[in-house]
Amino acid sequence: GTSVMEEILARVVAPLPSYETRDKSPPPPESTSLEFMNYYRGLEKEDKVDFLSKLSQECGVDHKTVSELATKLLDTQRRDQATILQAEDRLRYSLTPRYKQLFSHVSRVEGGVKFLVDLRADLLEILASKASENPHIRDLNGTLKSLLSKWFAVGLLRLERITWQSPCEILQKISQYEAVHPVRNWTDLKRRVGPYRRCYAFTHAAMPGEPLVVLHVALTEDISDNIQSIVREFATLDAEEDINKINSAIFYSISSTQAGLQGVELGNYLIKRVVRELQSEFPHMAQFSSLSPIPGFCSWLQGLLSQYRKEGRGADLLSEQEWSEVAQALDSNAGTPPVDSLRKLIATGEWTRSEKLCLALEPVLMRLCAWYLYGEKRRGFALNPVANFHLQNGATMWRINWRADTSPRGVANSCGIMVNYRYFLNETTNNSVLYLQNKAVAASEQVLGLVSQFQKNSKL
Ligand SMILES: CC(C)(COP(=O)(O)OP(=O)(O)O)[C@@H](O)C(=O)NCCC(N)=O
């Protein structure tokens with residue numbers, strides 16, 4: 001019950017030491033941290049919400065002391081610098097939430113950091129599901145994220161190359177965590193760490209044996225325009241790598257494995273670190289690009305089609321010529337309104353079986369996809385999460401590829417289209433700043449051309 005929670009919190013979360021003794025007070029015994037961890041682990045999901053809510057509200061900042069010290073600071077404004085700095089430092093210290101000290105103590109016991117990573121995952125779930133309206137929970141999450149960002153700073157991470165000689169438990173995790181192109185069997189896994197492939201992960205001493213974020217790379221001659229040649233094809237016969245065939249690095253899958261480290265930007269750091277690693281192994285390597293899925297394009301398109309149908313604006317999405325080609329390819333009876341039949345086709349993926357339909361739909365779907373990636377926004381940033389990730393890293397939306405993923409999932413998610421986000425190494429820093437500050441999307445001529453076709457067509 002809640003009284004037990006209050007009793008635990010009162011015992012486990014030490015009060016903030018006084019300003020004078022702030023550097024002298026000894027940390028609580030490890031047993032206190034372990035008790036906190038065990039108690040929390042034993043809670044049911046819904047009790048965790050209650051407990052974290054109490055922790056954030058009752059073990060945070062002493063607001064009364066803060067306002068007293070803020071007033072004192074205002075009173076010293078006409079005093080000498082030393083007195084003002086002293087008053088500021090007292091105020092700063094009083095803004096330390098008690099739970100921040102608790103987290104620091106927990107981080108020093110065995111398994112404490114991993115415990116806090118998982119606790120933050122619970123916090124993110126509570127915030128996402130709005131399971132609690134308590135405003136203090138946001139502060140709790142912010143404090144924990146800033147601690148984790150320090151503990152998992154890129155300088156403290158270890159880059160590990162995963163090969164067929166890596167321990168089974170790591171290979172098993174790599175296979176289990178692969179979120180983008182699921183590993184099907186041992187042969188498939190062996191292929192992904194074999195010739196013309198690289199697999200890298202960041203690990204951290206506080207979480208031994210746990211790959212925090214995993215990047216899969218294909219070493220190719222040119223920038224890949226389809227995923228089949230990377231994950232489907234038979235294993236190459238030659239065991240070694242012919243260096244002359246390696247000019248490009250294609251990032252075809254990246255996954256972070258710890259939900260609690262969201263926002264710590266591990267994926268971004270890993271890509272940058274792997275680029276440097278590959279440049280030292282292949283000094284002549286000149287092209288670095290992703291080959292990325294476009295999750296959400298089909299559902300966005302279905303929404304657009306139903307909206308346009310409702311508004312009787314189907315004609316805006318396809319030209320007369322294109323509608324008639326679709327109707328012809330369907331040799332549909334004039335009855336079914338074309339927008340409905342198009343929606344059904346997309347929903348079932350039927351259209352990929354007809355060459356005529358593919359030809360008729362290619363220009364349409366390509367320009368709609370270009371607009372979805374380049375034009376559709378959420379709070380000013382790219383609506384598509386993968387686009388937003390690579391654009392934040394400073395990549396350029398470089399090439400949209402037709403029939404790049406012909407798997408059922410690829411057709412169902414994005415009409416089989418994939419996109420290359422290209423890393424022009426001397427432009428990423430600048431692109432990233434322009435994207436984050438001005439929401440400017442770096443895009444190639446091909447992409448901009450498709451976008452302007454969409455705009456001309458839809459008289460946007
Ligand atoms: C794309 C990923 C790796 C970005 O992670 P990261 O760089 O740590 O960003 P963030 O989670 O710190 O915002 C992450 O969002 C992820 O694993 N997404 C699901 C799989 C995918 N590649 O879309």
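A pocket is found on a 1 Å grid over the protein atoms alone, as an open set of points where a 1.4 Å probe fits, with protein on both sides within 12 Å along at least five of seven lines; lining residues have an atom within 4 Å of a point. The model is predicted, so local features need pLDDT of at least 70 and side-chain atom pairs pLDDT 80 or more, while totals for chains, interfaces and linings use all residues. Residues are numbered from 1 along each chain as its sequence is written, and side-chain values use heavy atoms, without hydrogens and water.

**View 1. The second largest pocket.** Its volume, the space filled by probe spheres set on the grid points, is about 390 Å³. Of the 20 lining residues, Arg 22, Gln 101, Ser 104, His 105 and Arg 108 are the closest to the centre. Helix α6 gives the largest share of the lining, four residues; helices are DSSP runs (H or I, at least four residues) and strands are E runs of at least two, numbered from the N terminus.

**View 2. Helices α6 and α8.** The axes of α6 (residues 98–107) and α8 (residues 136–151), lines fitted to C-alpha atoms over the stretch in contact, with angles from 0 to 180 degrees between N-to-C directions, come within 10 Å and cross at roughly 35 degrees. Residues in contact (heavy atoms within 4.5 Å) include Tyr 99 and Phe 103 of α6 and Leu 140 and Trp 151 of α8.

**View 3. Cys 415.** Phi of Cys 415, a residue other than glycine, has a positive value near 55 degrees. Cys 415 lies in the loop between α19 and β9 (418–422) and is buried, at 2% relative accessible area (buried: under 20%, with a 1.4 Å probe and protein chains only).

Key
Buried means under 20% relative accessible area, exposed over 50%, partly exposed in between (1.4 Å probe, protein chains only).
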